[in-house]
Amino acid sequence: MTDKPRLLIVEDDEGLQRQLRWAYEDYDVIVAGDRTAAIDALRAMEPAVVTLDLGLPPDPDGVSEGFATLEEILRLKPDTKVIVASGHGARASALRAIASGAYDFYQKPVDIDTLGLIVARAFHLHAIEQENARLAASGAGGQTVLGSIVTAAPEMLKVARTIERVANANVSVMLLGASGTGKELLARGLHNASDRANGTFVAINCAAIPENLLEAELFGYEKGAFTGAVKTTEGKIELAEGGTLFLDEVGDIPLPLQVKLLRFLQERVIERIGSRRTIPVDTRIVCATHQDLEAMIAAGSFREDLYYRLAEIVVRIPTLAERHGDATLLAKHFLTRFAKEMNPAVRGFAPDALAALNDWTWPGNVRELENRMKRAVIMAEGKLLTAADLDLDMADNAELINLKAAREMADRRAIRQALARTEGNVSNAAKLLGISRPTLYDLFKQYDLQA
């Protein structure tokens, strides 16, 4: 027993056993040559990561015993990261293994360096998930970055680093992203990471307030300024003095009010409705929208000068489908929270649920995932959530109905995964994908991707 991370290698080739044991000296390596030994080691040692050869006795030339082992591992410990390796019908086995809940797949003959990178990333993700579970169990909500964002995706970690860098800069920040991607959470994270953290964070959804009331909400009003104004009232801009005002759906602000907001951004003073007295206000503006503001500028429905005042720093937020691995990570985070509150009997996910979580395109992003998890935990009858509990019928996923679209989605996912593993190195990503670098560049162009 050591303090090193535990790695279980399930492999019947004794020569390869020795090679892998030597290669992974940074881990506490346990070796098993068949299913019985593998399950015994899993129960006794509880390794975080397992490399599993599908060709195990008594079916060394097939995959039946390997898949039976995979199923039993995930049934006993659903959070284990299983990396499947096989030379038997590699493509078909890969698709089946991932659908069954495997973390990743690698084709034999084994390249030690590449497999080592996959193993290292599996340990990293497992550690993040365990920390999230620990934080959630202690009531900390499973936060990882910016105080409230749970993620392991390089795309989202890059967004978090950008926000941390600009937090203390005296600039307006615009968050661009689809509905449900967590724009308000990021705005709060920016506020909490800034030197204004002791001030007030005030949020207002510009699309949810009628046009004739939005000006009063933002700038406030004097007593008697209009019917119903029975007392002088501060607006949201004043209430956020010394702090941050988050303008959600800023694209819905009407043109006449855009002029008044622009004046505040230029001069840092406001006038309440019904008053000519200017009031200096030190409030930072962070805004967000899912609309195409540049198209609105071209159409004349959004002021270009206001856009450049609001968008001194622009941060684009990836969709959940673009955050590789985060759907499963967030699902486990939500399961821990909701099970504790609503159904303690639920303990984890069945393999079909894990596969569905990874394959779903998440049009509603994190908000959709949270809603599905809450409903599934409440309604579940067993200890493991299934794809049916999550109402994730892949036949209903429109992108998978068309074979060409399904292939494109699989290609995009594989390319993003390879680039993430190689930290953006195109040559190494091409090698990992088993294609030439020119072919990978052709796929970038075909799918409008960037390295």
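Predicted model: local features only at pLDDT ≥ 70, side-chain atom pairs only at ≥ 80, totals over all residues.

Reader: Which residues touch the most other members of the largest nonpolar core?

Author: L214 is one of them, along with M174, L218, L245, L247, F264 and L310, in a core of 32 residues. Several elements each supply at least two residues, among them strand 6 (173-176), helix 8 (211-219) and helix 12 (304-310). The largest share, 5 residues, comes from helix 10. There's also a second, separate core of 31 residues, which includes L330, V346, L357 and W362. As a rule, nonpolar side chains in soluble globular proteins tend to be buried together.

Reader: Why is the pair R188 and E184 called a salt bridge?

Author: The cut-off is a side-chain nitrogen of Lys or Arg within 4 Å of a carboxyl oxygen of Asp or Glu. The closest N and O atoms of R188 and E184 are 3.3 Å apart, so the pair qualifies. R188 and E184 are 4 residues apart in helix 7 (residues 183-193), which means about one helical turn separates them.

Reader: What about E368 and R372: buried or exposed?

Author: E368 has a relative accessible area of 14% and R372 has 13%. Each value is under 20%, so both residues are buried. They form a salt bridge as well, with the closest N and O atoms 2.9 Å apart, and they sit 4 residues apart in helix 15. Elsewhere, salt bridges that share partners join R35, E65, E72 and R75 into one network. R323 and D326 are another salt-bridged pair, at 2.8 Å from N to O, and both are buried. A search of the whole structure finds 16 salt bridges.

Reader: What makes M379 exposed?

Author: The relative accessible area of M379 is 56%, and that's over 50%, so M379 is exposed.

Reader: Why do N365 and R268 get picked out for their phi values?

Author: Most residues other than glycine have a negative phi, and most peptide bonds are trans. N365 has a positive phi of about 60° although it is not a glycine. N365 is in helix 15 and, at 2% relative accessible area, is buried because that's under 20%. Phi of R268 is near 60°, again a positive value in a residue other than glycine. R268 is found in the loop between helix 10 and strand 9 (269-270), and at 30% relative accessibility it counts as partly exposed.

Reader: And where is the cis peptide bond?

Author: That bond runs from P57 to P58, with omega near 10°. P58 belongs to the loop between strand 3 (49-53) and helix 3 (64-76).

Notes: Residues numbered from 1 in each chain as written. Heavy atoms only, no water. Buried < 20%, exposed > 50% of the residue type's maximum accessible area, 1.4 Å probe, protein only. Core = buried A, V, L, I, M, F, W, Y, C linked by side-chain atoms within 4.5 Å.
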